[in-house]
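Biologist: I am new to this structure. Please take a close look at the place where the two chains meet, and then at whatever else stands out.

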Amino acid sequence: MKFGDFVIREAVSASVAAEDKEGVIRELAQMLQKAGVLIPSEYESVVKAILKREELGSTGIGRGVAVPHTKHPGVERLVATVGVSRSGVDFNSLDGEKVQLLFLLISPPDRPGDHLRALENISRQLRDETFCKFLKQAKSPEEILQLLDEADGNQY
Amino acid sequence: MTGQKLSRTVVVTSPQGLHVRSADLFVKMASRYQTEIEVVKDNLRVNGKSILDILMLAATEGTTLVLEAGGADAAEALEALAELIEQNFGEQNSSS
């Protein structure tokens, strides 16, 4: 699976403003709502589900990256957005580092495979330190999308 | 690594597969042991103590994984990790 298969282009943000975990999750979910892939009536329920999932253990997987997510019937297919926080957010990450790069994923409950394949793509690409660094330094949604497209293009 | 390399084959039985939380549990348990641990899926071989590596496996339900270790406490480590996978990471049909 490639970024292009699940990242909603209109929803990425290079200037996440919120400074706490809940605020960042709300902001990114809002971006998906504005992009039209998350209907307003499901917004609150999706945010609550993502926060509940965080209570089970942080999705801050290290390297300044977090993958807050939920499986929720409010979406018809796997959708995700990418957010870059300039200041970094305390996410209770597994390695204790602040998070600057967020991938928020919402997938239909009956598609666990898609969720895993998206995580596979994200983790594989992030092992490339240059890619990870450039994404964190992206200054506009266009720059983020360009980096994601390049990463997609480098795959077999 | 010292000593002979041991391996153990396990099948992922959790309907949700090896997702972030289960990968975290796996890495935490693996890190309790001194031995290096590698996880193999088809042609892909990853470090069992790195969550990014484990997530790269995209191990869905039914995936066969081979756990390999060669250090002093390899046998114990493989036993504990295989049990963790076989018991679905202590989950009961929970989502995400």
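Modeller: A polar contact here is a pair of N or O atoms within 3.5 Å; within protein, one of them must be able to donate a hydrogen and the other to accept it, and residues adjacent in sequence count only if both atoms are side-chain atoms. The model is a predicted one, and by this rule three residue pairs are in polar contact across the interface of chain B and chain A, both residues of each pair being at pLDDT 80 or more. On the side of chain B that touches chain A, α1 (20-30) and α2 (51-55) of chain B each supply at least two residues. Sorted by class, that side of chain B has nine nonpolar, five polar and four charged residues.

As for the extent of the interface, 18 residues of chain B are in contact with 19 residues of chain A. The area buried between the two chains is about 1,700 Å², and carbon and sulfur atoms give 70% of that area. The count of salt bridges between chain B and chain A is one. The partners are Arg127(A) and Asp53(B), whose closest N and O atoms are 2.7 Å apart.

Arg26(A) has its place in helix α1 (residues 21-34) of chain A. With neighbours within four places in sequence left aside, Arg26(A) is in contact with Tyr43(A), Glu44(A) and Val47(A). Between Arg26(A) and Lys133(A) there are 107 residues in sequence and 24 Å in space, taken from C-alpha to C-alpha.

Two further residues bring up the backbone angle phi. Most residues other than glycine have a negative phi. Arg63(A) is not a glycine, yet its phi is positive, at about 60 degrees. This residue lies in the loop between β1 (60-62) and β2 (65-66) of chain A. Arg63(A) is partly exposed, with a relative accessible area of 35%.

In chain B, Phe89(B) also has a positive phi of about 60 degrees without being a glycine. Phe89(B) is found in the segment that follows α3 (74-86) of chain B. Its relative accessibility is 7%, and because buried means under 20%, Phe89(B) counts as buried.

Conventions
Residues numbered from 1 in each chain as written. Chains lettered and ligands numbered in written order. Heavy atoms only, no water. Contact = heavy atoms within 4.5 Å. Buried area = accessible area lost by both parts, 1.4 Å probe. Salt bridge = Lys/Arg side-chain N within 4 Å of Asp/Glu carboxyl O. Helix = DSSP H or I, 4+ residues; strand = E, 2+ residues; numbered from the N terminus. Nonpolar A, V, L, I, M, F, W, Y, C, P; charged D, E, K, R; others polar. Buried < 20%, exposed > 50% of the residue type's maximum accessible area, 1.4 Å probe, protein only.
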